[in-house]
Amino acid sequence: MKGSINRRGFLGGFAAAAASAVAAAQKQTVPETEAGTPAVQTEPSKPLIESAPVLQNAAETSMGVSFAVSADASGWVDVSRSSDMSNPVRVYSGGSGMMDVNDKVALVRIRGLKPATRYWYRIGADRIDYQGGYKMKNLGSETDGKVHSFATLGAAVKDGSFCVINDTHERKPCLDLVLSKIQELKPSVVIWNGDASNCSETIEKAMDVFIFTHEKHPEYAADTPYMFLNGNHDFRGRFNRRLYNLMMFREPCERDPKFAELGRNFAQRLGDITLIGLDTGEDKLDTNRHFAGIFRMAEYRELQTRWLEEVIETPAVKESKYKVAFCHIPLFDPRPDRNPGDIAPDDESPLYKNNWASWQRTCAKLWGPLLAKAGVQLVVCAHQHCFRYNPPEAGRPWAHLVGGGCNDVTKNPALFPTVIEGRVVDGRLSVTVHDVLYKRIALRQSFG
Ligand SMILES: [Fe+2]
Ligand SMILES: [Fe+2]
């Protein structure tokens, strides 16, 4: 009885009830050894757990976890309030009802957590021998045994910090640089501001991007949650059209049902800072002949506008001292030859250097006034692969920062990848842009 009381104490009733029910079912189907652990009935050819966990979609009361599995499995996460993993609660992939069985990846949503609270956790999975709807066996649980931890978000977070990476484009040497810097800075959360992918046709390709991201950093997101925002390249490829089957959409309860499809947008408190996530979509018009009429980014941007209109009136945004927005494609560019992304029908004009959006004038018109109304001090973007900072000016009260990307510096040594770091120091929001290639600080700026 004591165990069930503890469960309801830190996980909400829904999650706890689901976890308990599944655990009870598990006990009935799998015989236990004398030591009380489920017996594995066949000799597995290789470990079931193939990767460290990837934390994602950090929020006040929930956290997402995904990890790779080598065969049909139903993944789970044991969560505890203590580093010794005492009184753990097991949360299964698939939530309540039917557990998910997947031979590539386990996706687990942990719900009912307390804001601004540290938890410890361990991943595992039940090996499922699935031979048909009437012929399946649970062969027992396997775990990698390692305990990791995370902290939830919320207004009460003390000394919270964020980092931003972008345009890593599967380039492993660049990923080594930015992930090494993240490891050094130890932020509360990382915003991965798009173009993680080039073009992912298969889940295996996407898993190389998000799960097996770098062999030197196998636990890159095991203790630091990543808030992923799409870049234009993250919409490309057959699997990327359903990328939420690997990098989950955010919890549906975070938004009004009329915004149900906005699975990437967020407005989350990290202490005195509100982090606002927006998705600029593709860098070509829906009418562009290369897009076969299968993109509806114009509607997507307008739906986000209505979401932003409402979310800036919520306490999560109104009551914070600092507000920072993130989106992949820049919302501002002072250079007249840069394509603003609204040149119909095919993004082509002799006025511009590229036949794709270098910046997003449509999003700037839709979102810019709302960001100003909300008192956003800084908009952090990506996409151009070249660090740029523009302070506020008349008509644009927010500063605009573009992170550098992973370029071949033998062709242009002026381009370098960045890690953007934000934290509150002495009552001001301090933002530092780390040039991780030449190992210097490209910008230090404070706000508020
Ligand atoms: Fe890019
Ligand atoms: Fe991009």
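Author: Domain bounds come from an automatic or database domain assignment, and for this chain the assignment gives domain 1 (2–151) and domain 2 (161–447). The model is a predicted one, in which local features need pLDDT of at least 70, side-chain atom pairs count only at pLDDT 80 or more, and totals for chains, interfaces and linings use all residues. Residues are numbered from 1 along each chain as its sequence is written, while chains are lettered from A and ligands numbered from 1 in the order in which they are written.

Reader: What makes up the contact of domain 1 and domain 2?

Author: The centres of domain 1 and domain 2, taken over C-alpha atoms, are separated by 31 Å. Two residues are in contact if their C-beta atoms, placed from the backbone, lie within 7 Å, and the contact takes 22 residues from domain 1 and 24 residues from domain 2. On the side of domain 1 that touches domain 2, at least two residues each are supplied by β1 (54–56), β2 (63–68), β5 (105–110) and β8 (148–151); here helices (H or I, at least four residues) and strands (E, at least two) are DSSP runs, numbered from the N terminus.

Reader: Why are α5 and α7 called roughly parallel to each other?

Author: Axes are lines fitted to C-alpha atoms, for helices over the stretch in contact, and angles run from 0 to 180 degrees between N-to-C directions. Angles under 35 degrees count as roughly parallel, over 145 as roughly antiparallel, 65 to 115 as roughly perpendicular and the rest as oblique. The axes of α5 (residues 297–311) and α7 (residues 361–374) come within 10 Å and cross at roughly 5 degrees, and therefore α5 and α7 are roughly parallel to each other. Among the residues that make the contact are Arg301 and Leu308 of α5, and Cys363 and Trp367 of α7.

Reader: Why does Gln183 count as partly exposed?

Author: A residue is buried if 20 or more other C-beta atoms lie within 10 Å of its own, exposed if 12 or fewer, and partly exposed in between, with C-beta atoms placed from the backbone. Gln183, which is found in helix α3, has 14 C-beta neighbours inside 10 Å and therefore counts as partly exposed.

Reader: Which residues of α3 are buried, and what do they pack against?

Author: In α3, the buried residues are Cys174, Leu175, Leu177, Val178, Leu179 and Ile182. The buried residues of α3 pack against β9 (161–165), β10 (189–192) and β18 (418–425).
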